[in-house]
Each structure stands twice: as C-alpha cells, then as structure tokens.
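Keep the 3D view open as you read, and take the points in order.

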Amino acid sequence: MPLPERGTLTRAAGLQQGAEAVTASAYKVKGATGDWEVVIGLEVHAQVTSNAKLFSGAATTFGAEPNSQVSLVDAAMPGMLPVPNRECIRQAVRTGMAIDAQINKWSRFDRKNYFYADLPQGYQISQLYHPLVGEGAVEIEVDGATKTIGVERIHVEQDAGKLMHDQHPTRSYVDLNRSGVALMEIVSRPDMRSPADAGAYLTKLRSILRYVGSCDGNMDQGSMRADVNVSVRKPGDEFGTRTETKNVNSIRFVMQAIEHEAVRQVEVIENGGTIVQETRLFNPDSGTTRSMRSKEDAHDYRYFPDPDLLPLELDDAFLDECRASLPELPGAKRARYEALGITAYNAEVLTAEVESARWFDALLEAGAKPVAAANWVTSELFGALNRLGKDIAQSPVTPGQAAELLALVADGTLSGSLAKQVFEAMLETGEAPGKIVEERGLKQTSDTGAIEAVIADVLAKNPGQLEQYRGGKVALFGFFVGQTMKAMAGKANPAVVNDLLKKALG
C-alpha cells in the first residue's frame with residue numbers, strides 16, 4: 001500500500017489485506033526529530049440485528065426501495081412517540097456480556113441535538129451520561145503477542161437517514177429507510193498503538209458480533225463502520241490532539257487511514273503547525289484523509305434526557321435470559337478444538353468465521369474424527385470453495401456427506417487419491433460419496449491375489465529396473481509402487497501394495 005511522500009514508518013512487516021496483518025510490536029512513525037508513537041481509539045457503529053427499528057415497527061431490510069421502510073415515527077411526524085424495541089436492547093446486552101462488560105441495570109436515553117437534512121427530528125436519540133453497557137475488554141493477538149483493548153462503553157442509538165447526491169443534477173434526495181435503525185456504538189479505550197492493533201481489534205470484534213448474532217458485520221453494506229481517532233506523541237509524552245476520521249467501512253481502509261493520519265500529523269507538527277481537533281473523511285481511492293469540519297464537543301450538541309422515554313430498568317430475569325442465550329464464543333470454541341487435538345493454526349482458521357465453525361461442528365456431530373476432519377476442511381474443502389468462488393454457506397457438500405467421505409477413507413474403502421476423485425464428483429453432482437463410489441467403481445481393493453498378479457506383471461515388464469533395484473538402487477522401490485498403482489487405476493490399497501512389493505522384490 002503506497003504511503004504519502006511525507007514521512008516514513010518503521011515496522012517489521014507491511015500491511016496485508018484486511019486485518020490479517022501484521023507485525024507491529026515496534027510500530028513508529030519516523031520523523032525528522034526522531035520516532036513518534038501513534039495512539040488509536042475506535043468508535044464502532046454496529047447495526048443491531050432486528051426485524052424492526054429501535055423506536056418504531058418499520059422494517060430494516062437492506063437494499064429496499066428508498067423511503068419504503070419509514071414509519072411516522074421515523075419521519076418525525078408531529079405527535080409521534082418512540083417506543084423502545086425490546087429485541088434491540090436484548091442484543092446490545094448480549095454483546096456486552098460477550099466481552100465481559102458491565103451491564104447497567106439502569107440506563108437512560110438522551111437527545112443529541114444537531115441539524116442535518118437526513119435527520120428529520122432535528123436530534124438523535126442516543127445515550128451519553130448513562131449507557132446501557134459499561135466497561136469491557138477485547139483480547140487480540142498481534143505477531144504472536146496477546147494484548148487487551150479496553151472498551152469504555154456500548155450505548156444504543158438510532159441511525160440517521162442517507163442523502164443521495166447523484167439522483168438529480170441540481171437537487172439532493174433523502175432516503176429515510178435507515179432513519180431510526182438501531183445502532184450499538186462500541187467505544188474503545190485509546191489502547192491501540194498500530195494499524196495492526198486496530199485491524200486485529202476490528203476483526204475480533206466483528207467475529208464476536210457475528211457469533212452472538214447481534215450484528216451481521218457486513219461492512220460493505222454499512223452495517224458495521226468505524227470512526228477512527230488518531231493522535232501522535234513522542235514515546236512517553238502526554239496524548240496529543242486527536243482527529244476523528246468518520247464512517248470508514250473496511251478493516252483495510254481503517255488501517256490505511258491510521259497510517260496516513262499518523263504520517264500527516266507528524267509532518268504538521270515537525271513543520272511548526274498544530275493538530276486541530278477535527279472530523280475528517282477517508283478517500284479509499286487515494287488512501288488519504290481530508291478535513292470535513294471542526295470536531296464538536298459534547299456540550300455543542302446540547303444533550304438532555306429524552307422527555308418521551310422512561311429510563312431502561314433491567315431485571316435479573318431478563319439478564320439471565322440474555323446470558324443463557326449466548327453461544328460458544330470464538331475463543332472458547334478454539335480452545336475446545338485444540339483440546340480435541342486440532343492444531344492451533346487449524347483451530348484459528350476454523351473459528352475465524354461463525355459459518356465455518358458451525359459447519360465444522362455439524363461435521364463432528366455427524367461422527368467425523370476431529371483431527372482428520374480439521375485437516376480435510378482447512379485444505380480440501382476450503383481450497384475447493386475458494387476455487388469455485390463460494391463461501392461455506394454455499395458448499396455443494398453437506399457436513400453429513402463429508403463425514404461419510406472421511407469414514408470411507410478411515411475404513412480403507414477409499415485411498416487418498418480415490419477420495420479426491422470422489423470429492424470432485426461430490427462438488428459437481430451434490431451426490432453422496434457412497435453412491436458415487438458404487439456407481440463409478442472407485443472402491444479401493446485390498447485383494448492380495450489381484451495385487452500380486454499385477455506386481456508380477458510389472459516386474460516382468462521392467463527387468464532393467466528390477467536388476468538395478470536388486471543391485472542396490474533401492475530408490476526404485478517408488479517406481480514399482482507407482483507402476484502398480486497405475487496398472488490398478490489407483491484402486492489398490494497402498495499399504496497392501498507396499499507390503500507385497502517388498503516380498504516380491506526380496
């Protein structure tokens with residue numbers, strides 16, 4: 001990823017696509033006056049998974065016709081009163097529990113007052129002074145090291161609408177479908193010190209949200225986006241003035257925005273300038289940020305308690321139900337897989353996406369052996385799906401069919417090479433492996449009489465190689481194995497072939 005010609009970075013490795021990145025233990029911005037440290041905090045806006053909006057019964061389906069999912073409440077018609085959606089509150093509480101955060105039994109909604117054309121009410125219903133969820137933490141791994149990123153709060157708020165400037169040559173239109181959709185704003189502590197940290201944090205947080213089911217994490221659709229707070233300082237100094245880059249909708253773009261801002265801020269300071277607390281926008285085409293407006297403080301929004309909404313008071317029964325509904329989270333699932341003998345790498349790959357983990361769990365429930373199943377899924381299945389341009393949810397092979405295929409290998413019915421042939425046929429036809437084996441005659445043979453006859457024929461047809469082998473060129477053993485397997489169309493049991501060849505060759 002190209003960087004501006006204005007500063008240099010020192011680090012052990014470059015950034016990769018997404019948040020996979022990333023050696024960052026010594027991430028510094030190298031300026032003319034020495035090394036600078038970057039300080040990062042993220043405010044993640046995650047759209048709550050629910051069928052209705054936060055304070056109305058309007059639908060939340062993505063991609064609907066403009067203004068087709070707007071209630072009178074969303075449009076701020078006079079006399080309309082908001083009513084909290086219990087499911088939205090439940091999902092936010094479950095998210096807080098998933099990161100071991102404090103759940104506040106008493107919380108309150110506030111009005112955040114500002115004017116914008118896509119905000120019909122003239123204010124946003126949010127939470128400032130008394131959020132639903134308090135402090136928690138997300139544990140990340142970067143370059144083999146574990147680090148804890150603090151979460152300051154999770155508050156619930158309503159989304160604004162969307163202005164569209166490309167529908168008319170002289171006018172802008174507004175789509176209020178998104179107006180009133182429930183958001184969780186997950187505010188981190190300024191605990192990240194590199195783009196790698198931020199990428200790992202967002203990846204882990206997205207994974208948790210998707211496991212919990214409280215947000216689909218589709219950043220390309222805007223259902224998860226981040227405001228990126230960046231400042232720089234000399235190591236050990238007080239925090240510098242931060243900028244906030246708004247609504248970045250890709251993990252890779254978040255990392256690019258951090259790199260650009262870090263270099264830009266160091267250049268400004270070293271040239272005698274001052275960093276202004278402001279809101280900026282990220283340009284994904286150039287990988288740069290630009291100023292949008294000065295950054296407002298909380299008092300600029302004239303927050304006050306929403307007079308139309310009573311405080312939220314949660315009872316123990318509600319909290320118990322939320323906690324009981326939580327699934328096995330990625331960290332616990334990964335530990336369980338490793339306890340089954342699966343390698344740490346395979347466990348990490350299998351738990352990275354909730355769909356993959358659920359598919360693998362179904363494979364285990366169908367009777368597959370954990371280690372063999374993990375090796376097959378991470379190599380054969382994922383390789384095939386990648387080749388076909390499909391994800392695990394679109395797999396032509398079901399967990400039950402995969403378990404049957406692995407069982408045929410385990411009991412000697414199929415060799416490794418035959419199993420690959422059967423798997424390819426399964427991908428093409430969607431048929432069960434047993435049916436394919438029977439119809440295509442792909443069953444492995446361990447018939448010693450048949451194999452001995454083929455071996456005798458192979459030795460008779462290759463007297464020169466036989467003489468060389470008996471003369472000490474033992475590497476030719478593999479040649480005879482290959483010729484035997486070829487003559488039997490790959491259907492001979494390799495172990496039996498090896499044993500019988502050793503006897504035949506003396």
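1. Please start with the salt bridge between the side chains of R210 and E355, where N and O are 2.7 Å apart. R210 belongs to helix 2 and E355 to helix 7 (residues 354–365), so this pair ties together parts that are 145 residues apart in sequence. R210 is buried, with a relative accessible area of 14%, whereas E355 is partly exposed at 32%. The pair also belongs to a network of salt bridges that links R206, R210, E353 and E355.

2. Before going further, a word on confidence: this is a predicted model. The mean pLDDT of the protein is 90, and 93% of its residues reach 70 or more. Do take care with residues 1–25, where pLDDT stays under 50. For that stretch the model has 54 contacts beyond four places in sequence.

3. The count of salt bridges comes to 31. One of them joins the side chains of D197 and K147, at 2.8 Å from N to O. D197 lies in helix 2 (residues 195–212) and K147 in strand 8, so here the parts tied together are 50 residues apart in sequence. D197 is buried, with a relative accessible area of 7%, while K147 is partly exposed at 27%.

4. Another salt bridge to look at is that of D110 and R108, whose side chains meet at 3.2 Å, N to O. Are these two residues buried or exposed? Both D110 and R108 are buried.

5. Next, please find R153 in strand 8 (residues 145–158). R153 counts as buried because its relative accessibility is 12%, under the 20% cut-off. Which backbone oxygen does the side chain of R153 reach? That of L128, at 2.9 Å. Leaving aside neighbours within four places in sequence, the contacts of R153 include Q127, P131, E185 and V187.

6. E261, in helix 3 (residues 251–270), is buried with a relative accessible area of 0%. Not counting residues up to four places away in sequence, E261 touches V230, T243, T245, R280 and T289.

7. Finally, have a look at the surface, where L72, M77 and M80 form a nonpolar patch. Together these residues have about 260 Å² of accessible area. M77 sits in the loop between strand 3 (34–47) and helix 1 (86–98), and M77 is partly exposed, with a relative accessible area of 39%.

Technical notes. Residues are numbered from 1 along each chain as its sequence is written. This is a predicted model: local features need pLDDT of at least 70, side-chain atom pairs count only at pLDDT 80 or more; totals for chains, interfaces and linings use all residues. Side-chain values use heavy atoms; hydrogens and water are left out. Helices (H or I, at least four residues) and strands (E, at least two) are DSSP runs, numbered from the N terminus. Buried means under 20% relative accessible area, exposed over 50%, partly exposed in between (1.4 Å probe, protein chains only). Contact means heavy atoms within 4.5 Å. A polar contact is a pair of N or O atoms within 3.5 Å; within protein, one must be able to donate a hydrogen and the other to accept it, and residues adjacent in sequence count only if both atoms are side-chain atoms. Patches are made of residues with over 30% relative accessible area and no salt bridge: like charges are joined within 9 Å, nonpolar side chains (Val, Leu, Ile, Met, Phe, Trp, Tyr) within 5 Å. Accessible areas come from the Shrake-Rupley method with a 1.4 Å probe; for residues, only the protein chains shown count as cover. A salt bridge is a side-chain nitrogen of Lys or Arg within 4 Å of a carboxyl oxygen of Asp or Glu. pLDDT is the predictor's confidence in each residue, from 0 to 100.
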